[in-house]
Amino acid sequence: MSESHSGDHAHPELGFIRKYIFSTDHKIIGIQYMITAMAMAVVGGLLSMLMRYQLAWPQGVSPLMAKIFPVAYNGGVMEPGFYISLVTMHGTIMVFFLFTAVLTGGFGNFLIPLQIGARDMAFPFLNALSYWVFLLSCIVIFAALFVSSGAPMGGWTAYAPLSAIPAAAPGQATGMTLWITAIALFSASGLMGGLNYITTILTLRTRGMSMMRLPLTQWSLLVTSILGLLAFPVLLGAGILLMFDRLGGTSFFVPAGIIMNQMPVDHSGGHPLLWQHLFWFFGHPEVYIVVLPAMGMASDILSTFCRKPIFSYRMMVYSMIAIAVLSFVVWGHHMFVSGMNPFLGSVFTLTTLLIAVPSAVKTFNWLGTVWGARIRFTPAALFALGFVSMFVSGGLSGIFLGTSAADIQLQDTYFVVAHFHLVMAIAPLFAAFGGLYFWFPKMFGRFMNPTLGKIHFWFTFIGAYCVFFPMHIIGVGGQMRRIYDPTQYMFLQQQQPVNVFISISAFVLGAAQLVFLFNFLFSIFAGKRALERNPWHATTLEWTAPSPPGHGNFPPELPTVYRWPFDFSMPGEREDYVPQTVPVTITARH
Amino acid sequence: MADGSGPGRITLSGIVLAALILILIVASLYFFIAQPYWFPTLASEHGRRIDSLFMAVLIVTGIAFVLVQGALGFFIARYGENGSERASYWHDNPKAEAFLLITTAVILTVLVFMGQRVWASIYFSDQPADATIIQVTGEQFSWTFHYPGADGQFGRTDTKLITNTNNIGLDREDPQAKDDVVSQNVMHAPAGKPVRVRLRSKDVIHSFFLPNFRIKQDAVPGMGIEVWFTPTRTGQYEIACAELCGLGHYRMKGFLTIDESQDAFNKWLAEAAKQ
Amino acid sequence: MPVVTEERRTGIVPPPPPVPPGGRGGDDSSGSGSSFPISKGQIAVWILLTAVLMLFAGLSSAYIVLRGVPAWQNIELPWLLWPNTAILLLSSVAIDISRRAVRRNDMQSMKRWLAVGGILGFAFLIGQLAAWRQLVHAGVYVPSTLQSGFFYILTGLHGLHLLGGVVALGVVFGKALKNRLTAFNYEPLKLCAMYWHVMDGLWIYLFLLLLLS
C-alpha cells in the first residue's frame, strides 16, 4: 500500500481496516490527526471549564461536583492539588496535542501533497507511523490524568526543581514521569512528520510548481517543520536530563542544599535556570510552530474569499522566514525576573521587539488584502477575518511583555495568560476552524452547514473576546497565574466580579463549540453534497482533484502549474479567479 | 466599480462584524482609560518609572490597536461582495510596505530605549548605601524574614539547624544572632529609606511579588538574588508568590507594613525580637 | 497599479525539468517531480541528522553551563574509550572503502568492506558497554558526579543512535547480498555511509568534550 500509482495499473481493493484505519494515505492520516486532536481539545476544554468554575466561585461548595469527582472535590470544594493538575494538563494538552497536532499534523498531512501536486508524501509508511506514535502519546498523557498519585503539577512549563523532585508536590511522581514520556513520544512523532513534510515539499512538487508559486499554507508548513526539527530535540534532551534527575539520582537541575519539609534532599550541584533556558529555547520556537501554519492558512483563505491576491506575497514569505529565524534568539523574554543576568534581559528585549516587526508586516499585508476586496462572508471567511483581529490583539499585548522593565509587574499574571491565549490559542483556533470549514468539502465531499457555521463564528468571536480581553485587566490588577483562589488576597478581591464574568463567558464559549462539533460530525455523513470540485472558486491545486480525492489524488495525470495561486479578480479574465493549472495566454498581461 | 476601485456592497455580516470590532475598541478604550480596575496603589519610588513605561507602551499599542482594528472593521463593512464586481487586483506597494516597516521598527526601537533606561535604573545602578537589609527566604509555603538587628550583622545560619520552629536554621548561639529578628510572613520597613532584599529559596522556585511596590523577583534555590526598592507610602500591603511552587502556592501570602518612621520601625523590631 | 510578478511569462510553457538522477520521487509516473538536485533519501537523512545533532547540541550546552558550577567534578575517563574511538574511525574508513568499491562496480569488495564496517561498528558498541563496566568497577555511577551523569547519558544516546546505524547497515548488507545495489544506484549504501560518518564525527566531538573539561 505504500507505493502510490499513476493509475496505469490496478491495485487490489483494500479492506476497511487498511483503507481507513491503518492507512498510509496522507489524506486519511491527516483526518485521523484532526479527529484525535479534536478529542484532545474536548478534554483540554473541559479541564479549563473546571478551572474557570473554580476561579469564579473559589469558596463555593458544590455537592454536585462532589458526586461527579469525589476525589477532586472533597466535601464539595475543589482540592488545590486538583486545580494545579488542571492547569498543567490543560496547557500541555492544548499546546501539543491540540494545536501542534491539528495544524501541522492534520492540515499538513491533508494538504501538502494535494497543494503541491503530488500523489502522496515522500514516505507514506513513516507518515502513518507518525500518527500512531502521536496517538500513543495522547493515550499516555491522558493516562497521566488518572494515576493514583496524582496528575502532574508543574504547569506545562515543568520548572525544576518542582518537576525534578518527586516529593515536591503530589502528582510529581508517576504523573510527571508519564508527562515526560508523552512529550518524548510526541517529539518523535513530530520529527517523523517534519521529515516527511520537508522532503515532500522540496522534492515532490509537480511540474511548474516553483517555490514562489507555493500557497502560503505550504510555505508555513515548510518553515514550521524546519523549526520543529531544530527545537523539539532540545526539549527531548532537557526531558532526558529531567527524567534522570527524577529517577536516576542526578542533579542537573537541582542545586545542593535543598530542604523540603524541613528535611534535606539528597542532591548537589545542578542549576534550576538551566531547565528554563533549555525549555524556552524550545518553547519559544514552539509557539511559532503553532502560529505560523495558522498564518499561512488564514492568508490563503482570506485571499480566496476576498477574491483578491494576498497583499505582497513575497514579503509574506520573507517575514515568515524572519520570524522563524528570530524565534531562536528571543527565549529569554520568558525569564526576565528569573534571576538570569540582567544584561541578558536587555539583549532579549531588543530581539523580542525586533521579532514584532515581521509580524507587523504580515498584519499590514492582511489589511492590504482586505482593502478593495469583494468579501464573500462564508464561515471560513469570517474565521479568517477573526484570526486577523485576534492576532492583532494578542500581538500588541506582547509588546508590554517584551519590554523587560514593564514585564516585571506583569510576569506571571493574567496579562501573560491573556496574551498567549489570544495569540497562540484563539488566533490559531480561528485559523483551524476556517480551514475546517474551507477544506471540508474536499475532505469529505460534503459541505458543513453554513448557518450553524455562522452561529458558531459569532458566539466564538464574542465569547473569545469576553473571556480573554478582561484577563489583561485583572493581570494589570495583579492577579497571579495558577492560583487556586484569588480571593485569598485583599488586593484582588475587588476585581473578582471580572473573574465571574470571564467564567460565564467561558461556559458560553465552550457551549458554542458543541455547535461546531455537531455540525462537523453530522456533515461528514449527512451534509449537503459537494458536487463540484471547486465550490469556493479557489485557485490552488487541491481544488482540481475530486471531492474527496481518491488514492493518488490526481487521476490520471499530475497537474502542471503555470502561475501563482493568487490570480483573483485579474483584469481581462473572464472569471474572477484563474486556477494555477491554467496556462498564461498572451492577452492576460497585467 | 468593475475593477474594484470603489466600495463593495455593505453586507449584514460585514456590518455585524465591524460593529463587534467597534464595541471591542470602545470597551478596551474604556477599560484602559477610565481604569475601573487598575494597578494596585503605587508605594515605591522606582515603581513610578515602571508605571510610566507601561503608560508609554499603552499609548503606542493603544493607537496601533485602534487604527488596525478600526481599519479592519471599516474594510470588512465596506468591501462586501456584490455578485458582479471584481476586487482590486492591486497587491504590491513596496513604498508603503517599506514605510510601514520602518515606522514600526523605529517606534519599537524607541520603546526599547525607553525600557532600557528604566531597566538599567533598576538593575545597573549602584546599591544604596544606607538601607534596611532583610534576608528573605521562600519555602513551601511561607516567607521568612530575617533582620540583622541593631548590630547590623546577620547571625550565622546552618541548614543542619533547621527545624519546624527555626526554619532558616539560625544559630542562636552565634553572638551576632542575639539581636536578629526572624519573622514569618510579616515584613516591616521604614518609609523613605531603601530596602535591600536578599532572596533565597529552600526548596523550589518561588517568586517574591510585592504588587504595590512593582517588585517581582524569582527566589531560586542555590542562588542568592538581591533586589531593592524605596517605599514611599505607609500602610499595610500584601506579599504574594508569583511562581508555581506546589500545592500551597495560592496561599503563600505575607504582609509588608511600611512604618512612618525609623523609630516606629525600630519599635516593631524590638517588639518582634522579644518573641 | 498592478505589478507583474516575474513568474508569469506570457505564452511560453516552461520545459519539463529533468528527472534527478539517483533519486526516486514518491511517484512512478514520469514527467513529474521537481528538479530538486538532492534525492529524497538524502534529504531525509540530512533532516534526521539535523535533529540528532540538535539533541546533542542541547545536551552540550547543558554540559557547558554546568561545567562552570562549583560542584562540578571531573571523573577519570575509562581508557577503553581510546581504542574504541580507533575502532569507530576504522569502521568509517571501511564503509567508505565499500562505497568507493561499489562505484567501481567491485561488488565483492563492497560486500566485504561493508561487513568489516558493520562488525567494527558493533565492536565499538560492545567496547562502549565495556567502558561503562570499567567505570562501574571504579565506583562511578550515573549520579556520582555531574560529569559522570553526562558521560553515561551522552555515550548512551550516541550508542543508541549508532545502533540504529548498525541496523541500517545490516539492511543495506541484505540488499547487497541480493545484488540490489549497482554502480549507478547504490543510494542505500550512500545514505548509510553519510549517517555513519556523522555519527563518527559526533563521537569525536563528544569524546573531546569529555576530555577537555
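The model is predicted, with local features requiring pLDDT of at least 70 and side-chain atom pairs pLDDT 80 or more, while totals for chains, interfaces and linings use all residues. Residues are numbered from 1 along each chain as its sequence is written, chains are lettered from A in the order in which they are written, and side-chain values use heavy atoms, without hydrogens and water.

A cavity is a set of points, on a 1 Å grid over the protein atoms alone, where a 1.4 Å probe fits but cannot get out; lining residues have an atom within 4 Å of a point. Grid points are joined across faces, edges and corners, and volume is the space filled by probe spheres set on the points. Two cavities of 30 Å³ or more were counted.

The second largest cavity holds about 60 Å³. Its lining consists of Glu45(B), His46(B), Arg49(B), Ser121(B), Ile122(B), Trp228(B), Phe229(B) and Thr230(B). Helix 2 of chain B contributes the most, three residues. Helices here are DSSP runs (H or I, at least four residues), numbered from the N terminus. By class, three lining residues are nonpolar, three polar and two charged.

The largest cavity has a volume of about 80 Å³. Of its 14 lining residues, Asp300(A), Thr304(A), Thr539(A), Thr540(A) and Pro565(A) are the closest to the centre. Helix 8 (272-306) and helix 13 (414-444) of chain A each give two or more residues to this lining.

Notes. On a 1 Å grid over the protein atoms alone, a cavity is a set of points where a 1.4 Å probe fits but cannot get out, and a pocket is an open set with protein on both sides within 12 Å along at least five of seven lines; lining residues have an atom within 4 Å of a point. Ala, Val, Leu, Ile, Met, Phe, Trp, Tyr, Cys and Pro count as nonpolar, Asp, Glu, Lys and Arg as charged, and the others, Gly among them, as polar.
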